[in-house]
Amino acid sequence: MQLRQLAGSRAPGTDDSKRELYKKVISYMTIGIDVSSLFSEMVMCSATSDIVLKKMCYLYVGNYARYNPDLALLTINFLQKDCKDEDPMIRGLALRSLCSLRVANLVEYLVGPLGLGLKDGNSYVRTVATIGVLKLYHISAATCVDADFPAMLKHLMLNDPDALVVANCLSALQEIWSLEASQSEEASREREALLSKTLVYYFLNRIKEFSEWAQCLVLELVVKYVPSDSNEIFDIMNLLEDRLQHANGAVVLATIKLFLQLTLSMTDVHQQVYERIKAPLLTLVRSGSPEQSYAVLSHLHLLVMRAPMLFSSDYKHFYCQYNEPFYVKKLKLEMLTAVANENNTYEIVTELCEYAANVDIPMARESIRAVGKIALQQYDVNAIVDRLLQFLEMEKDYVTAETLVLVKDLLRKYPQWSHDCIAVVGNISSKNVQEPKAKAALIWMLGEYAQDMQDAPYVLESVVDSWDDEHSAEVRLHLLTAVMKCFLRRPPETQKTLGAALAAGLADFHQDVHDRALFYYRLLQYKVSVAEHVVNPPKQAVSVFADTQSSEIKDRIFDEFNSLSVVYQKPSYMFTDKEHRGPFAFSEELGNLSIGVEPASNIVSTQMIEANDNDLLLSTSEKEDSGGLSSNGSAYTAPSFDGSSNQPIRAHSPQASFAIDDLLGLELTVAPNPAPSPPPLKLNARAVLDPSTFQHKWRQLPISVSQEYSINPQGVAALVVPQSLLRHMQGHSIHCIASGGQAPNFKFFFFAQKADELSTFLVECIINSSSCKAQLKIKADDQSASQAFSALFQSALSTFGMP
């Protein structure tokens, strides 16, 4: 009402009142309150010379016009009128707002103002108009091309005196011609013409006039240019030499990328480029915010990894400062490790040992790992081993844990140090080591050097006695192997421990642990000498540990210098291409999911949907907690150990029966797991749920059941036609509302309702056909019925594909 009263008023102070009202409307709009009902009043109030009011009005119109095309039509007249205003600022703002409406049926009203804007005498209006052409192209490419706007942009790019207009023209033309190149030969030729020597030198000669953003744009263009000879390369580098001293990090990195790419085929000059760019990069690292430092440091890290010797004398620049965030410190530690050589190892290791005593636990851990990596590079091994053994005497749990892992790796590469290391490691109690990797390393050393450690059998016996309290499968696997090695070297002292370890392993719920125990058991049953040859063969020292990244990936990252690939330390296709991410590529939130309504009597056709990679993988703890059937999809149960029985119990299968002789005092049983019978939960065969309700419930309800389930091979084979699973589950009153994916990953969303009450179950089912596994997430209105429904769902899934 107030806006309507003020719309036609010209009384003194009216503009101030309008401003206050406009501020309120904009603030409401900003926090998400729908104020579109005020559209006509806001447009009426826009008839003012106050530029502040016009800016707020344009902001409001731009926000609501794209969602209300009918209302957008009301704005055309006053925006077109403002495009002819005497004030160039108002002309530019109005043109920008007009092009931001993004309404397809209003493009005819954009052509005229854009044509005038490109010819405007004011550079700001021309700048806005060039970007407006690009917006028009994305709304209606045909209209943009038919109006000959690309040719007008090209003319402006080559003749306009304003550098920002030239840069905007270049940006718009690059995008337009790249998109048009697949359909038009002329556009393809124009795109290639941008890389001609004449245009490249035109941009380079004007580069000092451009803004930082525009300079980066030009440098990215020049990177694609192929000089005709070495003289031209030196001309370009001399022309851009001063860009290395620029205050903006983006300009410096873009220039460095150009220098590196130009000299790839000139080995000596390429090395000189490394020397030249060190100072600018190190200066940028020390200036600016931690985030900027990290971005620059990531690029420096890439160069250090490619040519560590060139940076070996600058290692002190990579020392950590007390006030730096951890992510910066971690990157510096990696660089210190890379530049270490015979001349600087002592100083670097001394510095790293200071970090190991840091109160920041993650920093201390990374420092110890860095010391170990330097030792594995064969630099000053004697001194480093002494330092690592001193870490074990610090009596800090996390220091001890990290050091044990490194000592294990050192012994694999330098077995001659076993005597000194074992003397210290033997004094560490396994009860004081809780971290799985560290405990596994300690157990490995107890088994590998059992003949040198007097108490090894008894330490292993105490660990086996607490088998049920050990939650890490990695530790249990190492324990089985260590006990086997100890038994083969000191049989009398370890026989009882081995029997208990094998029994516990055979009864273990983790498939890998069970399989290894069964393998060792049968190996010993066959012949002890063969078991010794398999479990404890003669070993050679490890010469080189596997690199985490292949050289091909590192080269790919280098080619994508000055991009997010360097910061993420992975090529762009690893975080952009759907093919690499898999068929599911967005979050489990269903707000972004296109779901079709499923009639009660019909199956919805399969739709291609996406989901986050994290949804496809269970964490280690979830996998261990879920238990489930064996990996071959059968209902096989591991042989269990029963100390009360004096005779082994024979296991029977439909085709044959077998018995395992008693060895080392074990009593074993192998029994098939009975197939689960469906619980008495009745579902509504004609349940109906619309997509919006499904989305709302999925966001609101917590996960009741999350587990992994094995699918029979016949069911996996039947997934060649995913619709068959939808029909199968509908036969069990479980309906599919959305599905998608491609081999080996398929994703389905199901729902079901109780027959006797309006209680809904929602299911996310991700099936991996290569591993024959299904990952289930179930949400339910009635949480108490979740387990019963889960059993019913698994029962239905287990019969999929069966004749």
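Phe 748, Phe 750, Phe 761, Phe 789 and Phe 793 are joined by ring pairs into a cluster. Rings of Phe, Tyr and Trp (for Trp, the six-membered ring) are taken to pair if their centres lie within 6.5 Å, and a pair is called stacked with planes under 30 degrees apart, edge-to-face over 60, and tilted for the rest. The structure is a predicted model, in which local features need pLDDT of at least 70 and side-chain atom pairs count only at pLDDT 80 or more, while totals for chains, interfaces and linings use all residues. Residues are numbered from 1 along each chain as its sequence is written, and side-chain values use heavy atoms, with hydrogens and water left out.

Across the whole structure, the search returns 14 aromatic pairs. The ring centres of Trp 698 and Phe 749 are 5.6 Å apart and the planes stand at 90 degrees, so this pair is edge-to-face. The pair links distant parts of the chain, with Trp 698 in helix 36 (residues 691-700) and Phe 749 in strand 7 (residues 745-753), 51 residues apart. Helices (H or I, at least four residues) and strands (E, at least two) are DSSP runs numbered from the N terminus. Trp 698 and Phe 749 are both buried, where buried denotes under 20% relative accessible area, exposed over 50%, and partly exposed the range in between (1.4 Å probe, protein chains only).

For Phe 761 and Phe 789, the ring centres are 4.4 Å apart and the planes are at 5 degrees, so the pair is stacked. Phe 761 belongs to strand 8 (residues 760-768) and Phe 789 to helix 39 (residues 786-798), so the pair ties together parts that are 28 residues apart in sequence. Phe 761 is buried, at a relative accessible area of 0%; for Phe 789, also buried, the value is 0%.

Two contacts between a charge and a ring were examined, a charge being placed over a ring if NZ of Lys or CZ of Arg is within 6 Å of the ring centre and within 35 degrees of the ring normal. The charged end of Lys 779 sits over the ring of Trp 698, at 4.2 Å from its centre. The charged end of Arg 306 is placed over the ring of Phe 558, 3.7 Å from its centre.

Strand pairing was assigned if DSSP finds at least two bridges between two strands. Strand 6 (residues 735-742) and strand 7 run antiparallel and are joined by 7 bridges. These two strands form a hairpin with 2 residues between them, and Ala 738 stands opposite Phe 749 in strand 7. Strand 6 is mostly covered, 7 of its 8 residues being buried. Strand 5 (residues 705-710) is likewise mostly covered, with 5 of its 6 residues buried. Strand 5 pairs with strand 9 (residues 773-780) in the antiparallel sense over 6 bridges, and Lys 777 in strand 9 is the bridge partner of Ser 706.

Most residues other than glycine have a negative phi. Asn 562, which is not a glycine, has a positive phi of about 65 degrees. Asn 562 is in the loop between helix 31 (551-559) and helix 32 (564-568) and, at 24% relative accessibility, counts as partly exposed. Gln 569 also has a positive phi, near 60 degrees. Gln 569 is placed in the loop between helix 32 and helix 33 (573-576), and is partly exposed, with a relative accessible area of 28%.

Ser 49, in the loop between helix 3 (39-44) and helix 4 (51-65), counts as exposed at 68% relative accessibility. Ser 49 and Ile 90 are 41 residues apart in sequence, with a C-alpha to C-alpha separation of 9.1 Å. Asn 68, in the loop between helix 4 and helix 5 (69-82), is partly exposed at 23% relative accessibility. From Asn 68 to Val 103 the C-alpha to C-alpha separation is 8.9 Å, across 35 residues in sequence.Val 103 is also among the residues that line the second largest cavity, together with Ile 76, Leu 98, Leu 101, Arg 102, Leu 106, Leu 110 and Ile 139. The lining divides into 7 nonpolar residues, no polar and 1 charged. The volume of this cavity is about 30 Å³.

How values were computed:
1 Å grid on protein atoms, 1.4 Å probe; cavity = no way out; pocket = protein on both sides within 12 Å on 5 of 7 lines; lining within 4 Å. Points joined across faces, edges and corners; volume = space filled by probe spheres on them. Nonpolar A, V, L, I, M, F, W, Y, C, P; charged D, E, K, R; others polar.
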